[in-house]
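Visitor: I'd like to walk through this one with you. Can we start with the overall picture and then pick out details?

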Amino acid sequence: MFSSARCAAAIACGALMLLSGCSSIKVDTFPISDSRIHKSMLTSLEDKKRIDIVMTAMSTIGKPYRWGGQQMQEGFDCSGLVFYAYTQNGVHEHEMPRVTTQLAKNSRPIKRSELKPGDLVFFNTLGQRYSHVGLYMGEGRFINAPSKGKQVRIDSMDSPYYKKRFTGARRLHLISDELVAGAKQDRLAGRG
């Protein structure tokens, strides 16, 4: 029987292989290249946490869009998808922003060329700078809960729709904060 982590990894790798021939986007793809996750390139706990967050988000592909949704059983809206991916990987719910504008406010801007898996990409879809958010996965693609009547899917940042509406990339501090807190707990418990 496959574990949920193995299933998520299989889904992630399969989706990336399907997408490999679709684009020649030259965006930072670390640690994803040639449509595969290269675990040997994951040299830090932060890199590993980023991939875990992306794999969790990928496990939601095909779930229905639902405004306010943040769980597998109910479906997801765009910020609910980000909330779910982070909180399933050790970020405490009370520390994690839940809505798109809060995600933007509680993250720092980065250049598109600095994007890593697990970073946030923002779009103006409703006449507001930060009205839509997706979870960057590498190779110029992001995991997206697009809108009512649709399902969670992978989209390209360079599709005409999203390229025109892209308003910025941002990075949450919560990944590294969680790892620092975990390392401190390990040292206090004598495990590190």
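What follows is a short chat about the chain, its sheet and one serine.

Guide: Keep in mind that this is a predicted model.

Visitor: How many helices and strands does the chain have?
Guide: There are 6 helices and 10 strands.

Visitor: And what is the mean pLDDT of the chain?
Guide: The mean is 79. Of the residues, 67% reach 70 or more.

Visitor: Which elements have the lowest and the highest mean pLDDT?
Guide: Helix H1, residues 4-19, is lowest at 45. Strand S6, residues 120-123, is highest at 98. Over residues 1-30 the pLDDT is below 50. That stretch still has 40 contacts in the model beyond near neighbours in sequence. Where pLDDT is low, the predicted coordinates should not be read in detail.

Visitor: Noted. What is the strand order in the open sheet?
Guide: The order is S5-S10-S6-S7-S8-S9, 6 strands with antiparallel pairing.

Visitor: Which strands stand at the edges?
Guide: Strand S5 (107-110) and strand S9 (153-156) do. Each has a single partner strand, so one side of each lacks a neighbour in the sheet. On average, neighbouring strands of this sheet are turned by 40 degrees against each other, direction ignored.

Visitor: How many bridges join S6 to S10?
Guide: 4 bridges, with the two strands running antiparallel. Strand S10 covers residues 166-172. Phe123 stands opposite Phe166 in S10.

Visitor: What does helix H2 touch on the sheet?
Guide: H2, residues 45-58, packs on strand S7 (132-138), strand S8 (141-144), S9 and S10. Its direction makes about 120 degrees with that of S7.

Visitor: And H3, what angle does its direction make with that of S7?
Guide: About 45 degrees. H3 also packs on the sheet, touching S6, S7, S8 and S10.

Visitor: New topic. Where is Ser79 found?
Guide: In helix H3, residues 78-87.

Visitor: Is Ser79 buried or exposed?
Guide: Buried, because its relative accessible area is 4%, and the cut-off for buried is under 20%.

Visitor: Which side chain does the Ser79 side chain make a polar contact with?
Guide: That of Arg98, at 2.6 Å. Leaving out residues up to four places away in sequence, Ser79 touches Arg98, Val99, Thr100, Leu103 and Val133.

Visitor: Back to the chain. What share of its residues count as buried?
Guide: 46% of the 192 residues. The accessible surface comes to about 10100 Å², with 52% belonging to carbon and sulfur atoms.

Definitions and conventions: Residues numbered from 1 in each chain as written. Predicted model: local features only at pLDDT ≥ 70, side-chain atom pairs only at ≥ 80, totals over all residues. Heavy atoms only, no water. Buried < 20%, exposed > 50% of the residue type's maximum accessible area, 1.4 Å probe, protein only. Polar contact = N/O pair within 3.5 Å; in protein donor to acceptor, adjacent residues only side chain to side chain. Contact = heavy atoms within 4.5 Å. pLDDT = per-residue confidence, 0-100. Pairing = 2+ DSSP bridges. Axes fitted to C-alpha atoms, helices over the stretch in contact; angles between N-to-C directions. Areas by Shrake-Rupley, 256 points an atom, 1.4 Å probe, with all protein chains shown as cover.
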